[in-house]
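Good morning, and thank you for making time for this presentation. I would ask you to keep the sequence and the model in view as I speak.

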Amino acid sequence: MNVQMSVQEIRSSILEDIEGREIFIPESGFLAGPIYPVRAMVEAGIWRKQNYGWDNSHFPLNYKLLMQEGVPGIIRRASAPRDGLSEAQQEYRALIADSWRAIGEYILRHAEKAEALALERPEDAARLNRIALNCRTLASRAPDTFEQGVQLFWFIWRLRSTYTSCIGRMDVHLRELYERNVPARISRDEALCILCELWERLNETYSGDTLMNLMVGGVDENGEDVSCDLSNLIMEATMRVAKSEPHINVRIHPNSKPEFLDTAVRMIAMGQGQGVAYYDDNIIPALVNRGIPLEMARIYANDGCTEITFDSHSAIWFWQMESVKSLELALFRGKENPSTPFRPYNKWANFGRTEVYKTRLTLGHDSGDFAKMTTFEQVYEAFLDQYGYQIDRYMDQMAEHIRDNEETDKYCTSPIAAGLNEHALDTGSDPIRDGWEVKNYQMLSGSIPTLADCLHAIREGVFEKKLCTMAELIHALSVDFEGYEALRLELKKLPKFGNDEDSVDLLAAELAEFFCSRVEAYPAPCGIRPLPGIYNIDFNMFSGSVGATPDGRKGGDLICEHYSPTPGNAKNGPTAVIQSAAKANLKRGCASSPLYLVLPRGMGAVDVDMIRRMVMSCGKLGLPIVSISIYDKAVLEDALVHPEKHEDLVVRVWGFNARFIDLDDGLKRHVMNRML
Amino acid sequence: MGLVMNIQRFSLHDGPGVRTTAFLMGCNLRCRWCHNPESWLMKRRMMFYPNKCIGCGRCLSLCARGAHVFSESGHGMDPSRCIGCGGLDACVQACPAEAMTVCGKEYTPEELVRQLAKDRIFYEEDGGVTFSGGEVLGQDTFLRECLRLCKAQGLHTCVDTAACVDSEKLLRVAEYTDLFLVDLKAMDPALHEKLCGVENSRTIENIRLLGEMGKPMWIRIPLVRGENATESELRAMAQFLRGVPTVERVDVFPVLNHAQDKYRALGMQGELFNEEGDNQELIETSIRILEKESDGVLNLNRLM
């Protein structure tokens, strides 16, 4: 949310909002605090915009600091006398302190309600008093127990956003409390039950594109492995609950502990897309190469989707370029294909508002008359002119936003987020301008494999096999191949990305390199160097608003996600897909350049060992991020017809897991067609 | 040069671990349930899928012999009129809809092994390369060279064969083969001939020979209800296999009817097997018989 509010506006809004929040003691379990289920609120039309200031919820807060300080500690730090602060800084610190006081009182009210209920219901008094004790403790000091830590996380996570938000490195944040308590005060099984209750609560909140990404494993700022028993327990809770939330991501490096890897592979082998693999050796050096300090690079986590953040030390802003649409604008001399269908879409879910996506590229840039071009080199050069132009315009937008963030006080960060930023706590400076150690701006361009399929089709189809002229091709595209079915099928027959064919794979690699180079070459706004990434979350939206393309795709049909093959095009199995992707230097797209693989469940010998080989081989081949899902196509087909029978069918979409039956129809097709 | 039907990467059923399988053309058996009927002949085969045809008529204008016929019922093809012009590629290349494809591609051993080694990073110690068919030993000279090249690169090798060939062919490739996957379809020679077109004495002899040579084997038994999946056949198999010391594992699976599209594309009529009854039960019953008769010696494995 890019909410522009003044400190005064935020103050009155947040204090009133927290004061008026429901006090909720559950009928079973121990987690106090209301759920506010997002889908029910959307469907009932009672969506309430949260006016706490800026926080896009895509980045993890410093929950480790929260566990160390507790709510009272945050208030103390924000209230401690400091010399030399400006009036604005003092005002902002006071806002943080008062907001967190309101949070403390909110937690205390839960304790009071639980105590009152315990008196009314002696048969349930033990449980209710346990809740009361937890809440009373949290209102007065930092958590003592693992259970209190989880309770505190739930309160703050739910208060942060009316929607939901990123979680981050939970095994790092809660490790100290866990190891202090397990097994000395509670058993491992009890700790597992505590996590499972939190998982259930998260699932009741929402399912799907919820930003609830949680990362386990990896290294600390000194390069030491951080995986611990809590990391394994988090994955075990995920396997036990077997629902879409939270979305688990796994950092893998040469010193990852065997039991950590074993648990991760077992989780991935469940097939729900849980356990997206991030390879430290392919990510950390690339981040350093792009100017991120080594200590920061080492503590990366993913954001609400798949992009890199710096856990507790950065926010994130990202822009998504439309690469395939850039080709359309090139071929039509700065205009859109006249037969573009503008297929309506829901961003991901099959409920809520249906929209038609309008391109955010800049219309009107003419890269030449492609109909008259006589060589592929001319076509390619002219396309790069258009693509480069569009990248630059997107970079202009980013630069303007960076200047807004850096040089104006247009945006004021939510005091909940700022309360977990040490610099803001101590200085009263807004973290946007002066608080995050890494200024994390990202320019993303996914769907490059579809773009490469298109350009290769021009090279081989038009200029080598002479299936048609450029003029005929452009005309065929302009009428969505009506009357050109034979040509369309000829174009579809040509080599496509994902089959380990150098002709098209190397072209894709070159395009990815071009994009990254162009982003890197853009003059750093305010000295900030944005990170490039070969990634897009909005491929479903984009595909509905891209007309017919030279790869034989009809207007509105699927384009690919990230750096994965166009759905339906990979014919040689998963190893060929991996080899195709590995030909690109995806490390350079260090913001996020994932490969998504979907294996069919019915292949028989897909077992844990097979998944282990695949996961480890991807890392050796230099891929930075890989998601592996395993589905039974017959089950997915049945779920289209009988959704009521498949409410527990969880699939991976882009940066999240979701119930298949909840997906927008376009995404359902996408998930089914990307199966290898 | 060898004639190769197909190369399948990430193959999980043709030996241990992750493998790449090369299916070679040519077969001396005619198993009635065969899943690869396009591999039978030692020559390239045209496969025709009329349901994919969009009626563009390009093939019609190419063919001087009238092999293609367009009528109200659609696109028909008369294989007897096809003389395979352009090595069959003329029609295939002209067809935008892939209604016609050609099965069979020539490779030198070096070219084939280069393809097979592409996924070596996924093989680790037990995975590798499998040569299957058709009857892979029908191209034993080519196969031997491919295997030699694989071993020179340190790749684990499997040969998947019905072993119904002269022993000398088997001996030629054994030196470079780490594991044999051998089909055992029936013990009774008459039944074997009924099911596969030839009797089985060479298969029996070769399995015994591989055992004597100390060559590891996985035996594969395709079950056909009412034919080889009988108590007497399975008992005979168990008695025979328990005496072969290098049989590491026995895979048991029901014959399924997955290749009907291929038969139609070749202008043939495929037979249907195991249509009636529960195939899981078929496996379990067969396993029980094999287990009992071998006194638990055989390492039995269900493939479904």
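Let me begin with a convention: helices are DSSP runs of H or I with at least four residues, strands are DSSP runs of E with at least two, and both are numbered from the N terminus. What you see is a predicted model, in which local features need pLDDT of at least 70 and side-chain atom pairs count only at pLDDT 80 or more, while totals for chains, interfaces and linings use all residues. Residues are numbered from 1 along each chain as its sequence is written, and chains are lettered from A and ligands numbered from 1 in the order in which they are written.

I turn to backbone geometry in chain A. Most residues other than glycine have a negative phi, and most peptide bonds are trans. Phe342(A), in the loop between α14 (323-331) and α15 (376-407) of chain A, is not a glycine, yet has a positive phi of about 50°. Tyr36(A), also not a glycine, has a positive phi of about 50°, and is placed in the loop between α1 (7-19) and α2 (38-43) of chain A.

Are these residues buried or exposed? A residue is called buried if 20 or more other C-beta atoms, placed from the backbone, lie within 10 Å of its own, exposed if 12 or fewer do, and partly exposed in between. Tyr36(A) counts as buried because it has 20 C-beta neighbours inside 10 Å. Phe342(A) has 16 such neighbours inside 10 Å and therefore counts as partly exposed.

Two peptide bonds are of interest. The bond from Val182(A) to Pro183(A) is cis, with omega near 5°, and Pro183(A) sits in the loop between α8 (175-181) and α9 (188-205) of chain A. The bond from Glu245(A) to Pro246(A) is also cis, with omega near -15°; Pro246(A) belongs to the loop between α10 (229-241) and β2 (247-252) of chain A.

Next, helix packing. Axes here are lines fitted to C-alpha atoms, for helices over the stretch in contact, and angles run from 0 to 180 degrees between N-to-C directions. The axes of α4 (residues 87-120) and α5 (residues 125-140) of chain A come within 8 Å and cross at roughly 160°. α4(A) is therefore roughly antiparallel to α5(A); the cut-offs are under 35 degrees for roughly parallel, over 145 for roughly antiparallel, 65 to 115 for roughly perpendicular, and oblique for the rest. Among the residues that meet are Ile107(A) and Leu108(A) from α4(A), and Leu128(A) and Ile131(A) from α5(A). By class, this contact has 13 nonpolar, 3 polar and 2 charged residues.

α5(A) also packs with helix α6 (residues 146-160) of chain A, at an angle of about 70° and with axes 10 Å apart. These two helices are therefore roughly perpendicular to each other. Their contact has 2 nonpolar, 4 polar and 1 charged residues. For these classes, Ala, Val, Leu, Ile, Met, Phe, Trp, Tyr, Cys and Pro count as nonpolar, Asp, Glu, Lys and Arg as charged, and the others, Gly among them, as polar.

Finally, the two chains: how many residues of each are in contact? Chain B contributes 15 and chain A 22, where contact requires C-beta atoms, placed from the backbone, to lie within 7 Å. On the chain B side, β1 (2-11) and α4 (120-123) each supply at least two residues.
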